[in-house]
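Me: I'd like to go through the side-chain contacts in this one with you. Can we start with the aromatic residues and then move to the charged ones?

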Amino acid sequence: MLLSFLVLGSGLVLARTKPKAGQVDSDYVSALAAADRFLHAWQAQDQEDGLMMLTDGAKQHWSEERLQEFFSAGENAAYQISGGEKLKAGRYAFPVGLLSSGLRGQARKRFSEIIVTRTGGQDWAVDRLP
């Protein structure tokens, strides 16, 4: 009787400490939305909106020509965002696949990572481009 109580009791304690399925950190959702907005700007070749979403640090790592080239994805550009991970408070990394049609209709797919960071309040910015 005592053994069954201990086994049953420990199961109840474990059940209470596990995170519920479907629970998501609200910061994760905000960071994912920011990554999606940035990649949509890339897809639409909207360099102006994309640049506004970059941290100063990210802008310093890319030359103006390289940023212009990045936002020239070509026709039929698309992206895939995979499940991300929290690197630390206010900083998330998301694996991405960038797909675009190259010269002569050749499709290209490049895998990379985008890092999004909180810049204050509820504002998020891209700190590392894919």
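Me: Is Phe70 buried or exposed?

Reply: Phe70 is buried, with a relative accessible area of 7%, where buried means under 20% relative accessible area, exposed over 50% and partly exposed in between (1.4 Å probe, protein chains only). Please keep in mind that this is a predicted model, in which local features need pLDDT of at least 70 and side-chain atom pairs count only at pLDDT 80 or more, while totals for chains, interfaces and linings use all residues. Residues are numbered from 1 along each chain as its sequence is written, and side-chain values use heavy atoms, with hydrogens and water left out.

Me: How many aromatic pairs are there?

Reply: Searching the whole structure gives eight aromatic pairs, a pair being rings of Phe, Tyr or Trp (its six-membered ring) with centres within 6.5 Å, counted as stacked if the planes are under 30 degrees apart, edge-to-face if over 60 and tilted for the rest. One of them joins Trp62 and Phe70, which are edge-to-face because their planes stand at 75 degrees, with the ring centres 5.5 Å apart. Trp62 counts as buried at 15% relative accessibility.

Me: Which residues are in the cluster that ring pairs link?

Reply: The cluster consists of Phe38, Trp42, Trp62, Phe70 and Phe71.

Me: And which charged end sits over the ring of Trp62?

Reply: That is Arg66, whose charged end lies 4.0 Å from the centre of the Trp62 ring; the rule asks for NZ of Lys or CZ of Arg within 6 Å of the ring centre and within 35 degrees of the ring normal.

Me: Switching to salt bridges, how many are there?

Reply: The count comes to four salt bridges, each defined as a side-chain nitrogen of Lys or Arg within 4 Å of a carboxyl oxygen of Asp or Glu. Among them is the one between Arg118 and Asp27, with the closest N and O atoms 2.3 Å apart. This pair links distant parts of the chain, since Arg118 is in strand S4 (residues 107-120) and Asp27 in helix H2 (residues 26-43), 91 residues apart; helices (H or I, at least four residues) and strands (E, at least two) are DSSP runs, numbered from the N terminus.

Me: What does Asp127 meet in a salt bridge?

Reply: Asp127 meets the side chain of Arg91, at 2.7 Å from N to O.
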